[in-house]
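My notes are below the display.

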Amino acid sequence: MELTGPSHPAREPQSPAIILAHAIVVRTSPAQGGVGAEDIGKVEVWYDAGIRDAFAALAVVSASGERVDKRDAAIDSADPSHVSVTVNRLNPGKYTVRYRALSADGHLVSGAWEFEVRP
C-alpha cells in the first residue's frame, strides 16, 4: 500500500500579522506652525486612536522657557484620542507645545509643535 499526499503543494503556515498602533498626532489647536489667540483658553491635540491615561501629558512653554499651562492636561472622557490643557491669557510671542502619550500598543510617543500669538 502506498500513501500519497495532496496533489497541490503544501502551504507554509501563516503567522498572524503584527499590527503596530503607535499613536500619531492628526490635529492640533492651535495648528502646528499656526497662530493662536491671546485668550485661547486651552491647547489641544488629537491622535489617530485612543491613548492610555497613565502617561498622557501636554505642556505649553513660552520662548523664554516658562511653562504657561495650568498643568491640568486631561484626556477627554468622550473621546480618548483628544487631550487638552488649559492656559491663561497668552502674551504675544512663540510657544512650544510638548506632548507625550502611551499608545494602545504600549509604546510611548512624544514630540512637540510650535505656534505663535500675535498682538
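The entries go from confidence to fold, then to the core and the arginine.

**Entry 1: ground rules.** I am working with a predicted model, in which local features need pLDDT of at least 70 and side-chain atom pairs count only at pLDDT 80 or more, while totals for chains, interfaces and linings use all residues. Residues are numbered from 1 along each chain as its sequence is written, and side-chain values use heavy atoms, with hydrogens and water left out.

**Entry 2: confidence.** I looked up pLDDT, the predictor's confidence in each residue, from 0 to 100. The protein chain averages 85, and 82% of the residues score at least 70. Among the elements, β3 has the highest mean pLDDT (97) and β4 the lowest (90). Residues 1-6 stay under 50 and have zero contacts beyond four places in sequence; contact means heavy atoms within 4.5 Å. Residues 15-19 also stay under 50, again with zero contacts beyond four places. Where pLDDT is low, the predicted coordinates should not be read in detail.

**Entry 3: fold.** I found eight strands and zero helices in the protein chain. Both kinds of element are DSSP runs numbered from the N terminus: helices are H or I of at least four residues, strands are E of at least two. Two strands pair if DSSP finds at least two bridges between them. I traced an open sheet of four strands in the order β2-β8-β7-β4, with mixed pairing. Its edge strands are β2 (35-36) and β4, each pairing on one side only. β7 and β8 run antiparallel and are joined by 10 bridges; R100 stands opposite S110 in β8. Of contacts between residues at least 6 apart in sequence, 58% join residues at least 24 apart.

**Entry 4: β3.** Which strands does β3 pair with? I found β1 (residues 25-29), antiparallel over four bridges, and β6, antiparallel over five bridges. On the β6 side, V43 stands opposite V85. Five of the six residues of β3 are buried. Buried means under 20% relative accessible area, exposed over 50%, and partly exposed in between (1.4 Å probe, protein chains only). For the protein chain of 119 residues, 31% count as buried.

**Entry 5: core.** I then looked for the largest nonpolar core, which has 21 residues. Such a core is a set of buried Ala, Val, Leu, Ile, Met, Phe, Trp, Tyr and Cys residues joined through side-chain atoms within 4.5 Å. V43, Y47, L58, V60, W113 and F115 have the most contacts inside it. At least two core residues come from each of β3 (42-47), β4 (51-62), β6 (79-86), β7 (93-103) and β8 (108-117). Beyond four places in sequence, V43 touches residues including P30, L58, V60, V97, W113 and F115.

**Entry 6: R67.** Where does R67 sit? I found R67 in the loop between β4 and β5 (74-76). R67 counts as partly exposed because its relative accessibility is 32%. Outside four places in sequence, R67 contacts L58, A59, V60 and V61. Its side chain makes a polar contact with the side chain of D69 at 2.7 Å. A polar contact is a pair of N or O atoms within 3.5 Å; within protein, one must be able to donate a hydrogen and the other to accept it, and residues adjacent in sequence count only if both atoms are side-chain atoms.
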